[in-house]
Amino acid sequence: MTHPSASTPPNASTTSTAACSPTAPTAPGAAAAAAATTAGTLSASTSPNSSAASAASAAVGSPTAPTATGPATAAGALSASTSPNSSAASTSSTAAGSLAAPTSTGSATAAAAATAGALSASAVSGSADSAGALASSASHAAPASHAASAAASADDRSAVTGRRRIAFAVYVDEGGLAGLAVLVRSLVLSNPRVCEDVVVFHPGLPEASFDAVRRLHPRVVTRRAGDRGAVLRPAGYDTVVALGTASVVLGDLGELLRMRFGVAAVPQVLSPGEDGERRAVLPDGLFVVQCADLDEALAERLGDPGGADPVADGDVTPLDARYDFLARRLYGDLPVPAPVAVLRFTGPADAPGYGPATEAWRRFEMGDEEFRAAYRALPGGKHPDLLAHLAPPLLRARPSLDLARTVADVYRGQGRYDEAVEVLAPVVADRLDAPRCHETLGVCLMALSRYDEAEAHLLLAAASPDLAPRAFAQLARLAHLCGREADAHAYAREGLAADPTDAGCHAWYTRTRPDVPGPRRPEGAAAEQLAHVALFAEGRENAGDRVLPEAVRLCFGADTGPGRWHPQPVHRLVDEAALEELNARRGVVVGGGGLFLPDTSPNGNSHWQWNVPDALLARVTAPLAVFAVGYNLFDGQRYRRGRFAESLRVLVERSAFFGLRNHGSIERVRELLPASLRDRVRYQPCPTTVARHLVPGWTDPAERSDTVLINCAYDRAGLRFGHDYGHFLAQLATALRTLRDRADVRYAAHMPADERFVHDLRREHGIALPVEQLYDMPNDAIRDLYRRARLVIGMRGHAGMIPFGCGTPILSLVSHPKLAYFLTDVGHPEWGLSVHDRRLGPRLAERASALLDDHAAAVADVHGAQEALWRTTRSNIAELRDTFGLGKTPERA
């Protein structure tokens, strides 16, 4: 989540509403004029000279049909469209009115050219050249990482999910500070995708002693300790890689981070004795420690190289010598062997006779700027936290367009859209040769709900043949968010003209196709309808998101169709017209699902999934019910809480009923509310968990198929698995081999991306599973599949809640706190296993077998737990029916 900043218009609700008012679609060929008109509108939307800006906007921004001369006439003004000074944004965007319909690629190119000319001064007031703009951009970027670290925090729920906490640990005294800096540089440059805590133990050095190393790494943690023994078991971590300041990292340490059992080290050869060569684990060497496996006795032995060999005794797992290679083996200027991952010096690094080893050390003796440039120049992927830490100071020192885009892209990936705009907007304004920058800028502006500016930049990106399909897909999404379905369809058609195989454009083309008739609402039925604000899945989207809205509606009666319900897609901007539609209904139901999440469809109005400005939310006069919504952040996910917390406060104040789907969500949301509002947050289980009581004509199956269904999820895979995906896959293979001996094991894919598990399992472990494609099934078929299964093992939230609601026993693969929250609410935490569990395979097989062995009892446990959820739901429904004036609750089972 992002805080409002200077780059966000102060009157965001007015800006967004005016910019996105739907208009009648215009003829093809008008996109150029539309973009130019938009450019004119944007010319002063955030200019430092607010009076001139308002005048320019008033002159240009009237939402009339564009003319043939529009691009040439109106383009000249996009001069300060994304300047950090945004005093006039509200006025100018209001004047802008609506944007016209998109056109052909050629028209988009013309629009891009016209718009580009208008962007020439958008960087900062008075910037006349790119170098000045870049320097200004860098100055904005400079404090960003500090602001972000103060404002953004990781949502740490590792105790709930079992996520492994990993650290590198090192002990340093004052004489080792220079070696510490070399070690950290080598770690970063040799493992650019790895960013775990670096825990630095020291004997009591001043904190300022570590300023230099903090400039090198964003996750330096300092702790006081008496000796190096502390590095073997730092509090708060599960896995530790202990290093020394006399070492440099030359290769990939991924294998060490993936280790899950015991204590590992490299046994070193000591001087030969009477019995020949002797090996020992040296106390100053590299160790990989699973803290749960290190007891006091073993820790003591590891500190005594003269004692018994712990490797020979089986207490320490031997590592390959390349992970702790002694430089003394290279005397005589022998080259460092290519496979060496960690090179350790037992004497001075510059001792004579070790030329290549000394050179390996000196490679990492460099200044901060040289280090940052070396990291940025590395090929391949890089960890976003490292990039966000190292790239902005480099941009300040060495401004360039490419580096500005790198910084903006990493900010975008972290949800820091306002900072991305501050970095990139001043740089790209007058550049027609920077379509990727315009694309990034357009997407970030859209995430800030600055839709008019976003559209202009995305049109510039669409002028590039390489980017046209992707840019047009974003333009289609933007138009859809603003309620301009005809424009969205035309943009999608443009993208398909550029690339007929583009999946994003095809999805938007299908979704917005005008020849697909929508359900007809009875005339004059608004006062009898409930408005439903929800994520309505379409096409091959998440099956859980398709079942859920229907389940919410079933709580209020069997009629779930358009005669009774008015849909308001949760991601679509609530403008004046949408507000009028909501207020015309007898009530508004928001939910269910994990809507309290910043990043699925980011917006600058609320910083959660409902795209509603506070000012309009406060004007909802129909009774408002938040129903079975969840706090849906992943464990370890970073976000900024300010804008979300304020939107949340307005939402709770306005709601007649505020019910969250689990007690974990209740706890998290209450933390963000003032004390006076916390008691208004109540419990309302997800209605999919009580489907047996909601679906008309429901009958429990007389017989079940001999089927076990399994489901996995891959969105935000890094947050779900960390370094443990290979371990997870191997453990699941172990469990499935056992379960296949007694059941038909099939895979339940809630969306196409879920099928990655099937491909990975077959490739890595030779196990093939048949796939049930739930994303292509209607809701009744999904429920029937889950109703007849004997057991469902699921990672997605609704791969547990839907089968539970159908009365089927479940086991959850916990990679997100919400699964553990649900199992705690139903009184069966033992039905969950962390994806990080070291013995996941045997434990999963054991628990699944137990449920299958006494299946009748397992079903009875599900039914019993469901009764408590149904009592709560039934009580809440009765209250809400009274609130909405719906009369007495119909009798249900």
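## A parallel sheet and its surrounding helices

Asn711 stands opposite Gly794, a residue of β25. This pair belongs to a predicted model. Strand β22 (residues 707-711) and strand β25 (residues 791-794) run parallel and are joined by four bridges.

Both strands are part of an open sheet of six strands, ordered β24-β23-β22-β25-β26-β27 and paired in parallel. Its edge strands, each pairing on one side only, are β24 (771-773) and β27 (832-834). On average, neighbouring strands of the sheet are turned by 25 degrees against each other, direction ignored. In general, the strands of a sheet pair through backbone hydrogen bonds, in either a parallel or an antiparallel manner.

Helix α36 (residues 840-853) lies across β22, β25, β26 (810-814) and β27. Relative to β26, helix α36 runs at about 165 degrees.

Within α32, the residues Phe757, Val758, Asp760 and Leu761 are buried. Viewed down the axis of α32, these buried residues fall within an arc of 170 degrees, and therefore they line one face of the helix. Their cover includes the strands β22, β23 (744-749) and β24, together with helix α31 (725-739).

Helix α35 (residues 817-825) is largely enclosed by the rest of the structure, because seven of its nine residues are buried. The buried residues are Pro817, Lys818, Leu819, Ala820, Tyr821, Phe822 and Leu823.

Two packed helices are described by the angle between their axes and the distance between the axes. For α22 and α23, the axes come within 8 Å and cross at roughly 145 degrees. The crossing of α22 and α23 is left-handed. On the side of α22, the contact involves His489, Ala492, Arg493, Gly495 and Leu496, which meet Cys505, His506, Trp508 and Tyr509 of α23. By class, the residues of this contact divide into five nonpolar, three polar and one charged.

Note on methods
Residues numbered from 1 in each chain as written. Predicted model: local features only at pLDDT ≥ 70, side-chain atom pairs only at ≥ 80, totals over all residues. Heavy atoms only, no water. Axes fitted to C-alpha atoms, helices over the stretch in contact; angles between N-to-C directions. Helix = DSSP H or I, 4+ residues; strand = E, 2+ residues; numbered from the N terminus. Left-handed = near helix turned anticlockwise from the far one by under 90°. Contact = heavy atoms within 4.5 Å. Nonpolar A, V, L, I, M, F, W, Y, C, P; charged D, E, K, R; others polar. Buried < 20%, exposed > 50% of the residue type's maximum accessible area, 1.4 Å probe, protein only. Pairing = 2+ DSSP bridges. Arc of directions from axis to C-beta.
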